[in-house]
Amino acid sequence: MSRPKTRMIALYGKGGIGKSTVSSNLSAVFAKQGLKVLHVGCDPKHDSTLTLLEGAPVKTVIQKITGQIRSAEDIVMPGVLGMSCIECGGPEPGVGCGGRGVSRMFEVLDDLQLIEQGDFDIAVFDVLGDVVCGGFAAPLRQGRAELVYIVVSESVMALFAANNIARAMKRFASNGIALGGLIVNQVDETTPLEGMRKFAQALGTRIIGVIPRDPMVRRAEVLKRPVVELAPDSEVAQVFRDLAQAVLGDSAAAHDVPTPFDEAGFDAFIERTFGGE
Ligand code: ADP
Ligand code: MG
């Protein structure tokens, strides 16, 4: 009997918005549920797996020269709860291209047939979305991620990055890639979600989860453990479990092509929606 295809999801968003926090906790919840998980950090910062490796040193794909990668073990690091982890890495500051690590990683995945032979139930890609260049857009290409979730907060720059990601997704829509929703990572709980709902609606999508600000997240980061493991009874851990459930129940076919703003339209929307008292 052939096993179902690996489900591929990608989380995009501006740097520092909380992609790694959300994606690593989602991966931990999936693994805890018994799924076989591949977690891939696609950010030159190479810290997506910080809380998943139990403090083991990170080896990145970009650190390896071509001939050195002969098998999956050369790039895959064993993580908590039996998951497999990859960090693309990036160039030294001042040289090379940031997205090159991501393009290189997909070449290696294809060469090694890692997804096809890895027996994974789900692959989670944590992707920097400030610049949607060829490298960072690689997960949106044919046969890669099927569902994308964009992590946002109520800051204009985060929404600007989200709109750009949606523009790239519109371009790649014929690849079958779908925008599954926005994940709001709240910087400030006192800000009403109304503006975010309007933003989601304008993009032709929805809000699939709202993550509260919780000091436990930073504590987990310092102790290098997923929050869902360190504090399973916390409110934020329950939010991650609910989000994981929503993602597992999602399907690319359920979504229409996103309808992002052009630049002038984005500015006008921000002013109209957030410019009041
Ligand atoms: P990204 O991967 O998008 O660059 P991170 O997930 O590394 O962002 O988050 C950036 C910082 O914000 C980290 O120090 C993280 O611990 C903190 N952080 C993210 N989300 C929350 C939250 N919901 N509550 C508290 N701290 C958070
Ligand atoms: Mg990150």
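Guide: The discussion that follows sets computed values against cut-offs, and the model is a predicted one.

Visitor: Why is serine 48 called buried?

Guide: The cut-off for buried is under 20% relative accessible area. Serine 48 has 3% relative accessibility, and therefore it counts as buried. Serine 48 belongs to the loop between β2 (37-42) and β3 (77-78). Beyond residues up to four places away in sequence, it touches Ser20, Ser23, Ser24, His39, Gly41, Glu87 and Asp126.

Visitor: What makes the pairing of serine 48 with histidine 39 a polar contact?

Guide: A polar contact needs N or O atoms within 3.5 Å, and within protein one must be able to donate a hydrogen and the other to accept it. The side chains of serine 48 and histidine 39 make such a contact at 2.7 Å.

Visitor: How do you know that the length of helix α1 is close to the expected one?

Guide: Helix α1 covers residues 19-32, which is 14 residues. The expected span is 1.5 Å times one less than the number of residues. For α1 this expectation is 20 Å, and the first and last C-alpha atoms are 20 Å apart. After α1 comes glycine 34, with a positive phi near 95°.

Visitor: What makes α1 mostly covered?

Guide: Of its 14 residues, 12 are buried. Among them are Lys19, Val22, Leu26, Val29 and Phe30.

Visitor: How do you know that the span of α4 agrees with its number of residues?

Guide: Helix α4 (residues 156-171) has 16 residues, so at 1.5 Å a residue it should span 22 Å; its end C-alpha atoms are 23 Å apart, which agrees.

Visitor: Which residues of α4 are buried, and what covers them?

Guide: The buried residues of α4 are Ala158, Leu159, Ala161, Ala162, Asn163, Ile165, Ala166, Ala168 and Met169. Their cover includes the strands β1 (7-13), β6 (147-152) and β7 (178-185), together with the helices α5 (194-202) and α9.

Visitor: Why is proline 260 counted as buried?

Guide: Its relative accessibility is 16%, and the cut-off is under 20%, so proline 260 counts as buried. Proline 260 is in the loop between α8 (235-248) and α9 (263-274). Leaving aside neighbours within four places in sequence, its contacts are Asn163, Ala166, Arg167, Lys170 and Leu203. From proline 260 to glutamine 201 the separation is 59 residues in sequence and 10 Å in space, C-alpha to C-alpha.

Visitor: Why is alanine 254 called exposed?

Guide: Exposed requires over 50% relative accessible area. Alanine 254 has 59%, and therefore it is exposed. Alanine 254 is also in the loop between α8 and α9. Its C-alpha atom is separated by 34 Å from that of arginine 225, 29 residues apart along the chain.

Visitor: Which polar atoms lie within reach of ligand 1, and how much of the ligand does the protein cover?

Guide: A backbone N or O atom of glycine 16 is 2.7 Å from an oxygen atom of ligand 1, and one of glycine 18 is 2.9 Å from an oxygen atom of the ligand. A polar side-chain atom of asparagine 185 is 2.9 Å from a nitrogen atom of ligand 1. The protein covers 91% of the 560 Å² of accessible area that ligand 1 has on its own. The ligand is surrounded by 17 residues, the closest being Gly16, Lys19, Ser20, Thr21 and Glu221.

Visitor: Which residues of the largest nonpolar core touch the most other members?

Guide: In this core of 52 residues they are Ile86, Met105, Phe125, Leu140, Val148 and Phe199. Apart from it lies another core, of 37 residues, including Ala28 and Leu52.

Technical notes: Residues are numbered from 1 along each chain as its sequence is written. Chains are lettered from A and ligands numbered from 1 in the order in which they are written. This is a predicted model: local features need pLDDT of at least 70, side-chain atom pairs count only at pLDDT 80 or more; totals for chains, interfaces and linings use all residues. Side-chain values use heavy atoms; hydrogens and water are left out. Helices (H or I, at least four residues) and strands (E, at least two) are DSSP runs, numbered from the N terminus. Buried means under 20% relative accessible area, exposed over 50%, partly exposed in between (1.4 Å probe, protein chains only). Contact means heavy atoms within 4.5 Å. A residue is near a molecule or strand if one of its heavy atoms lies within 4 Å of it. Accessible areas come from the Shrake-Rupley method with a 1.4 Å probe; for residues, only the protein chains shown count as cover. A nonpolar core is a set of buried Ala, Val, Leu, Ile, Met, Phe, Trp, Tyr and Cys residues joined through side-chain atoms within 4.5 Å.
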